[in-house]
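Hi everyone, and thanks for coming.

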Amino acid sequence: MQKKYQAPIVRGALALSILGWGASSVHAALSMYGNIDAAVDHVHKGQGSIADNTYLSSVVPTLAAAAAAAQGGNYVSTYQLVAGKLRAAYANHSSLTRITPSIASQNALGIQGSEDLGGGFKTAFVLEGQFNTDSGAQGGQDSRMWGRQAYVGLTTPVGEVRVGRQYAPMFYTYAMSTVEALGASDLMGFGMVVNSLQNRLDNAVSYWLKYGALTASVAVSPNGGVDSRVSSARAPAAVAGSANGQIIGGASAGAESSDTGGRGQAAGLFLNYALSPALNVTASWHANKFGNAQVVDALTAMRLVDLDRFHSVAVGAKYTDPIVGTIWAMNMLNGKFRNDASSNQPSIQINVFSAGVKQPIQQFAVGAEVAYGQFTNFTKGKDMAAMFSGDYNLSKRSKLYARLGWLRDVGGRPASLETNTYPGPIGEFTPTVTGGPVPILTGFGSTEVPFFAGGGANIDATSRVIAVGVRHQF
């Protein structure tokens with residue numbers, strides 16, 4: 001039988017099984033969809049070790065002492081305050097009980113519309129935001145109103161074109177190769193969050209095509225979301241062009257400007273092939289330039305890494321047993337941050353692997369996921385994590401759930417950051433850092449949200465999490 005081109009089946013808040021939305025077949029349509037997820041959780045972070053992190057243990061405290069000496073010793077400097085905040089973020093033992101959104105799946109509220117123009121042509125739009133069920137505030141994507149997606153599209157007989165903020169192609173590889181729903185407890189999204197531009201892109205143009213069992217997309221952006229300074233700072237404190245920087249994918253990071261060395265230029269490719277109704281394989285590629293961007297400390301503007309570009313490849317697969325319903329999935333990523341030629345670290349390379357299984361048992365479902373991520377050079381630090389899940393389906397749209405997990409960070413060896421020059425007795429100084437991908441990339445601003453919905457992970461320590469919550473889709 002001859003295969004035909006078809007309009008893509010992926011839209012909205014993934015329009016896959018993530019939020020359960022499907023395209024309308026009427027002449028014109030406007031609808032609202034969403035997902036509401038809230039949990040009570042407890043996050044325990046073990047005592048971390050920063051003895052070999054001169055960036056954390058020596059540079060900032062020394063700057064604090066120098067500032068105090070310059071003021072006659074009776075002075076609390078910005079650096080002293082910063083030193084305390086850094087210890088709290090990367091080392092201090094802590095336990096916290098919270099009301100937390102988006103644990104099993106990301107909260108979302110979306111509006112979608114379409115109009116059938118006839119002859120295989122159709123226009124459509126998606127506006128999709130995120131909110132926090134603990135406070136009611138806008139959440140995720142640096143608190144943008146329509147931060148998840150905001151695009152308009154045109155479907156033709158040979159595919160669809162979308163223009164605006166949208167999911168990056170690599171996002172779909174992870175969505176198609178997880179046993180969960182890419183919520184904060186889903187370890188199978190480990191590789192995707194290595195670089196936030198693998199998740200969403202500002203200013204993007206994408207082309208989608210479905211041909212038989214193959215679904216494919218390609219996307220490009222003149223600036224997917226990289227400011228001149230990259231750090232862990234977030235809105236509203238982060239300001240475009242600030243010396244203290246903002247996260248990759250920050251609210252104002254995607255502003256297009258000239259003379260940036262191609263900063264933020266991004267491209268991606270997604271492929272998914274359904275070998276059968278039960279088995280699909282998927283792959284994606286992502287690349288983006290950093291141009292003249294630098295990674296800096298969000299509080300002191302200390303220069304950490306001079307970036308040049310990033311590229312990654314991910315593959316995954318998912319199988320659902322047609323008899324007993326068991327779901328198996330795996331994915332893996334190889335990524336590389338290539339730094340400027342003059343950098344003390346020519347590149348930062350990372351490998352991530354994750355796998356999961358989920359078994360439905362009438363109204364119940366139980367599952368487990370494991371993930372492993374490692375810098376193959378740089379600090380050679382690594383992270384190992386496991387998550388166990390239990391769901392009780394109250395209906396097709398509502399469920400109760402429980403999650404129990406842990407993450408172990410192994411600090412590795414000290415790695416040099418960029419050389420900074422300070423006045424007075426400090427002079428020229430090259431700080432070092434240790435740690436695995438989870439705490440380090442969060443601190444660098446490459447990962448948008450710290451592990452487990454902001455719970456975080458200390459360097460060279462173990463974090464434990466437990467959550468009980470409820471989720472409703474509409």
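Let's start with a question: does Ser 102 count as buried or exposed? Ser 102 counts as buried, because its relative accessibility is 5%; buried means under 20% relative accessible area, exposed over 50%, and partly exposed in between, with a 1.4 Å probe and protein chains only.

Before going on, a word about what you are looking at. This is a predicted model, where local features need pLDDT of at least 70 and side-chain atom pairs count only at pLDDT 80 or more, while totals for chains, interfaces and linings use all residues. Residues are numbered from 1 along each chain as its sequence is written, and side-chain values use heavy atoms, with hydrogens and water left out.

Back to Ser 102. You'll find Ser 102 in the loop between β3 (94-101) and β4 (108-118); strands here are DSSP runs of E with at least two residues, helices are runs of H or I with at least four, and both are numbered from the N terminus. The phi of Ser 102 is positive, near 65°, and this residue is not a glycine.

Now Ser 143, which sits in the loop between β5 (121-129) and β6 (149-156). Its phi is positive too, about 65°, although Ser 143 is not a glycine. Ser 143 has 38% relative accessibility, so it counts as partly exposed.

Our next serine, Ser 206, is in strand β8 (residues 200-211). With 4% relative accessibility, Ser 206 counts as buried. Which residues does Ser 206 touch, leaving aside neighbours within four places in sequence? Its contacts (heavy atoms within 4.5 Å) include Glu 160, Arg 162, Gln 166 and Val 218.

Finally, the cavities. A cavity is a set of points on a 1 Å grid over the protein atoms alone where a 1.4 Å probe fits but cannot get out, and its lining residues have an atom within 4 Å of a point. There are three cavities of 30 Å³ or more. Among the residues lining the largest cavity are Asp 142, Arg 165 and Glu 448.

The second largest cavity has about 70 Å³ of space. Its lining includes Val 230, Phe 337 and Ser 446, and β14 (303-320) and α4 (437-444) each supply at least two of the lining residues.

Notes
1 Å grid on protein atoms, 1.4 Å probe; cavity = no way out; pocket = protein on both sides within 12 Å on 5 of 7 lines; lining within 4 Å. Points joined across faces, edges and corners; volume = space filled by probe spheres on them.
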